[in-house]
Amino acid sequence: MKSVLSAFPRGSRLPDPAWNFRHRLIVLFAVISSAFVTVFSLTQHAPFWVALAQGAAPAAVALVAWKAPVGRRFSASLSSASLMVIAAMVVQISGTIEAHFLFFILVPVVALYEDWAPLATASFLVLGHHALLGVSMPTTVYNHGAAYDQPLIWSLIHSALFLAMCATSIVHWTIHERARGEENTLLDRLASQALHDPLTGLANRTLLHDRLAQALSLSQRTSTPVMVLAVDIDGFKPVNDSYGHAAGDTLLVELARRLESCIRAGDTAARNGGDEFTLLLPGTGSDEGAVMAQRILAAVSPPVELLGIRLQMSVSIGIAVSTPNIPGEVLLQDADQAMYAAKHNGRGGFVIFDKTLAAGALGTLVVHTDHARSWAAYTQSLRSEIASAKELGQLPEQTRGPETARRTLESIIAAIELLPQGQQMAGLPLPERNALEEFVFHHDLVQHWADTLRAKATIQAERTPEADLFWRALRQTALKDEADPVAYTDTDSIRAGLSPS
C-alpha cells in the first residue's frame, strides 16, 4: 500500500518559499480570471448584479485560500476549486463546446502545486459540472447543438480526458520528485564530504574551526569555558613503515571510533590530518580535564587487532581551556603545546596547559629577518626536492623524520613568515625547549644528509651563508642553558652567528 501511495506526489515536500510563490501566483491568476468572468458575462448581456456575483464567487474562494490559515493542502484545494468554478462558469455562459478546453488549459496551473489533493478537487468539480449541471440545466451549444444532444455522455468523455491529463501530471511529478530526491542526496553527500574526514568520518579542520568559533562566541555570552584536547598517537610512523599504510588507516579509524565513544552528543571530534586529532568540548572547565584525559587513555589502552597482530596503542593528550576573549587559533596552539609537552614527558599521558608551561618555552630569539627568511626558503626548497626524489624512486620512502620534529619545523617556518619585512632585527618566538632540542638534533642530521645529496647531484638546494648564520644561532639557543639565551645584538655577532656572552 505504501508503495502505491508513494507514487502520488505530496506538495508538503516543497520548501516553503517555493510553495508560497506558486500559491500566490495561482491565487492572483484566479482573482484576475474572476474579473474576466464578470466582464465576459456582461458582454453576453447578463444583468449587472448577476455578472458581478458570477465573478465574485470564485474570487472569494481564491481569497480565502490565500488568507485563511487552513494549511497547505486545503489552501491548494480551495484555489484549484476557484479555477474550476471559473472555467465552469465560462462554459455555462458561452454555451460553446470550445469553452471546455479551459478545463484542460488549467491542468498545468493546478499541477504547479505538485500535490494530488488539488488535482482531485479539480477532477471532482469537472465531473460534477458535466454530470450534474449538464443534465439538470442543458445548455444550448452554439454551432454544435446536434453533437451535444447527450450531455451525460459528453460530460463523461470530458471528465475522462481531464483525469487522463491529471494522471500524466502525476507521472511527471513522480519522475521529477525522484530526480530531485537523488539530487538532494548527492548534494548532502558532497556537503558532508566537504566538512568531514573521508577516512574516519570525523569533522575536518574546516568544520572544527567553524564549531570552535561558535563555541567561543557562546562562551562569551554565557561565561562558560570551552575545552580543547589535542590527541596524537605515540609511535604512529613505525606502524606505517612496518605494516603499510592500510594498517595505519585501520589504526586511525579505530582511534576515531574510540574517541567518539568518550564524548557527548554536543561535542566535536575532528581529525586534522595524519595522526592528529582534536576534541572540542563546549561548556567544560579545567576541573574536568584530567577526568576526560583519563577516560580517553582508558578507551585507547585495549589492544588493536591489526593484520592478525595485537598492537598496543597509546596517545599523548594536550588540554587547553578557554579564557575570556581568547582567539580560537591560540586555544588550539595551547592544546598542541601541551600535547608536545606530554610526549616529551614520556608519552601515554596528558598535560594541561597553563602559564607555567608557557613560561617553560625559550621565549624569543632576536634574529635578522632576511637571514631567517633565507633559511626558511632553503628548508622549504629542500623538503620539496626530497619529496620529488622520493616520487622518482631516487630516495627510499622510509626516510621521513619524526612527526614531532616536522611540527616544530612548521611552527618555526610559520613564525618566520610573520616577521616584519626588510633587513632588520626582530624577535622570533621559539617553541618549548624539549621540542626545539629534538628538532635541532634531527635537523642537524637532515642538513648533513642534504649536503651529501647535493654533492651527489640528487638535489640542487643550496644553503646560503645567511641561512647558515640563522641556523647556528637557533642551534646554539637550543643547546645553551636556559638562563643564558642566545640573541643577535650587533653586526659583529650577526656575522659570527653567535651572541656575546
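These legends cover close-up views of a sheet, a cavity and a helix in a predicted model. Local features need pLDDT of at least 70 and side-chain atom pairs pLDDT 80 or more, while totals for chains, interfaces and linings use all residues. Residues are numbered from 1 along each chain as its sequence is written, and side-chain values use heavy atoms, without hydrogens and water.

**View 1. Strand β3 pairs with β1 and with β2.** Strands are DSSP runs (E, at least two residues) numbered from the N terminus. Pairing requires at least two DSSP bridges between two strands. β1 (residues 226-233) and β3 are antiparallel, with 7 bridges; L229 is bridged to L279 of β3. β2 (residues 268-273) also runs antiparallel to β3, through 5 bridges. Here T268 partners L280. In β3 (residues 276-282), 6 of the 7 residues are buried (under 20% relative accessible area, 1.4 Å probe, protein chains only).

View 2. A cavity is a set of points on a 1 Å grid over the protein atoms alone where a 1.4 Å probe fits but cannot get out; lining residues have an atom within 4 Å of a point. The lining includes D232, E276, D336 and R407.

View 3. The expected span is 1.5 Å times one less than the number of residues; helices are DSSP H or I runs of at least four. Buried residues of α17 include F470 and W471.

How values were computed:
Buried means under 20% relative accessible area, exposed over 50%, partly exposed in between (1.4 Å probe, protein chains only). On a 1 Å grid over the protein atoms alone, a cavity is a set of points where a 1.4 Å probe fits but cannot get out, and a pocket is an open set with protein on both sides within 12 Å along at least five of seven lines; lining residues have an atom within 4 Å of a point.
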